[in-house]
Structures are given as structure tokens and as C-alpha cells.
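Work through the exercises below with the structure open. Try each task before reading its solution.

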Amino acid sequence: MIESRRGRKKKTIEIEKYIKKCCSDKGYKIIKATDIKRSKDYLCKICELIQSVAFGIAVYTDNMPPDTLGNISYEVGCMHSLGKEVYIIKTSKAKVPSDFKRTEYIEEKKLKKDLTERLNDLKNQANYMYKLGELSSEAGDLEKAAEYFKRIYLIMKDSRAIKKLETILIKINQISEETKKNKELYMRLAESLKYFLKLA
Amino acid sequence: MARKRRGGSVRNRVQALNPKTKRWVKIDTKKGKIISHKSTPGPYKRIRKK
């Protein structure tokens, strides 16, 4: 979850409570960057967290200071670039960057209903990604297929995705042994898959 | 004279419903890439569904 540390007013705490409830009802655990303590650079920590989550929730509230607004927008941008779903929640008077003007917001008033609907929709999206992953794998685009299956696992904790990733890893190892072309790329992909499977 | 019609479905293509846009997308099975996104509701004709 992406949120400002400063200016935690009553409304923000209320929104956070709703988010926690909706997510825990669907079996998702909320992760906040401020709750995790590491002896690393703060930005590095945020980037790592973004890579490890299934989706993100950004909260824009009234009178948010410009530096916080910038931070949240940067994090939303990071998530978009990784192809991850981001739900933007905003209060009625909150100002958001013009790039997100056409984005469908979750209004604070309809928060519970809308957020639950979107979380329900995640399962359908994962099924769609599974189909795309299978097609990419059959076509030999293993990198893309691995990316789809990783995202499916993060969303649904689906054991099918893990099996597919294991199959992809075997294929990658075979290819990297047989071919000299793009060997480094395959080895890097295999390393990242091994690490993912170890943590899963 | 009867009109000539294509027999069967198109090869190397499948379609799947994108739940986010609620539109069908056409996928090239040889490359594994999305090649087209339908602009109107309903599936493509003569394309196998995945």
C-alpha cells in the first residue's frame, strides 16, 4: 500500500481501515513501506516491495503536501511500468496529477463496494493472464510466459502457476545448454525464476 | 450460383476475452502475441476461442 507518512488525519485512518478489511476478506495481506524496517535505502526498499506485490493501492487525500503527492505518483508509475494493477482511492476534494485524470478512481464514499468489486475482478484477470501465459509458452516466448505466471501466483497463490514456472525453468536450462545465442539472457532468467520459486 | 465461403476456422489464431475491457482479443499462437483488440462487443467470427 502506498501512502503518506505525514498528515495522517482521521479520514486517512478510516480509509486505511476499510482497505485492510476489504483486502483481508479476500485473503490479501497489506504491506506498508513504513511498517517494514530494513537497513537499506528507503527507495530501494519501496522498489523491492513494489516488485513483490500482486497489486497496489494509492490513496490521495485532501490537502496532501506536494512532496507526498510526488512520492505517490512516482510509486504508481513504478507499478504501471511493471504491469501491475494499481487502484487509486481519492477523497472528493483531493487533487490528483493530470496524467491520472482519465483513470477510474475509487471514490472514498463508495470505497467498500468498489474496492471489493475490483478485488473480485482480479481473479478473472488472473485467468486471462493464465491463457496468455500458456500461449506465450507454447510460442516459445518463455520470458513473457514466466512474467505472466509470476503475476498469477502473486494474485491467486495458484499452484498451477508454480508448476508452469517449474516447466519453464526446465525448458530454459535445456535451451541455455544447447544454444550459444542469448545464453546470458537465459541464465539471468533462470536465476530470477529459481529465486522466485525458492520464495514461493 | 452459391457464394464461396471460407471453410472452418482461421489457423494460428485464437481469441480470449479481456476481463478488464470486456472485449475479445485476437492472439497469434505462433508468436504468442496479441494482434488485435475488438472495438465492438462480441467475439470475432471464425476464430477459435481459448
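**Exercise 1. A strand pairing**

In which sense do strand β1 (residues 13-18) of chain B and β4(B) pair, and over how many bridges?

Solution. The model is predicted, so treat each step as a reading of that model. Step one: take the sense. β1(B) and β4(B) run parallel in their pairing. Step two: count the bridges. There are two. Step three: locate a bridge partner. B:Gln15 is bridged to B:Lys49 in β4(B).

Now place the pair in its sheet. The order is β3-β2-β1-β4 in chain B, four strands in an open sheet with mixed pairing.

**Exercise 2. Helices α4 and α5 of chain A**

Determine how α4(A) and helix α5 (residues 142-156) of chain A are oriented to each other.

Solution. Step one: get the geometry. The helices pack at an angle of about 155°, and their axes are 8 Å apart. Step two: classify. Angles over 145 degrees count as roughly antiparallel. Therefore α4(A) is roughly antiparallel to α5(A). Step three: assign the hand. The crossing is left-handed. Step four: list contacts. α4(A) contributes residues including A:Leu122, A:Ala126 and A:Met129, while those from α5(A) include A:Tyr148, A:Phe149 and A:Ile152. Step five: sort by class. This contact has twelve nonpolar, three polar and three charged residues.

**Exercise 3. Helices α6 and α7 of chain A**

Repeat the analysis for helix α6 (residues 159-178) and helix α7 (residues 183-199) of chain A.

Solution. Step one: the axes come within 9 Å and cross at roughly 150°. Step two: α6(A) and α7(A) are therefore roughly antiparallel. Step three: α6(A) passes α7(A) in a left-handed crossing. Step four: A:Ile162, A:Leu165 and A:Leu169 are among the contact residues of α6(A), and A:Tyr186, A:Leu193 and A:Phe196 are among those of α7(A). Step five: the classes are 13 nonpolar, two polar and three charged.

**Exercise 4. Chain contact and domains**

How many residues does each chain bring to the contact, and which helix gives the most on the chain A side?

Solution. Step one: chain A supplies eleven residues and chain B eleven residues. Step two: helix α4 (residues 111-139) of chain A leads its side with nine residues. Step three: the chain A side comprises three nonpolar, three polar and five charged residues.

Finish with the domains. Chain A has domain 1 (10-104) and domain 2 (122-199). Their centres, taken over C-alpha atoms, are 27 Å apart.

Methods
Residues numbered from 1 in each chain as written. Chains lettered and ligands numbered in written order. Predicted model: local features only at pLDDT ≥ 70, side-chain atom pairs only at ≥ 80, totals over all residues. Contact = placed C-beta atoms within 7 Å. Nonpolar A, V, L, I, M, F, W, Y, C, P; charged D, E, K, R; others polar. Domains from an automatic or database assignment. Pairing = 2+ DSSP bridges. Axes fitted to C-alpha atoms, helices over the stretch in contact; angles between N-to-C directions. Parallel < 35°, antiparallel > 145°, perpendicular 65-115°, else oblique. Left-handed = near helix turned anticlockwise from the far one by under 90°.
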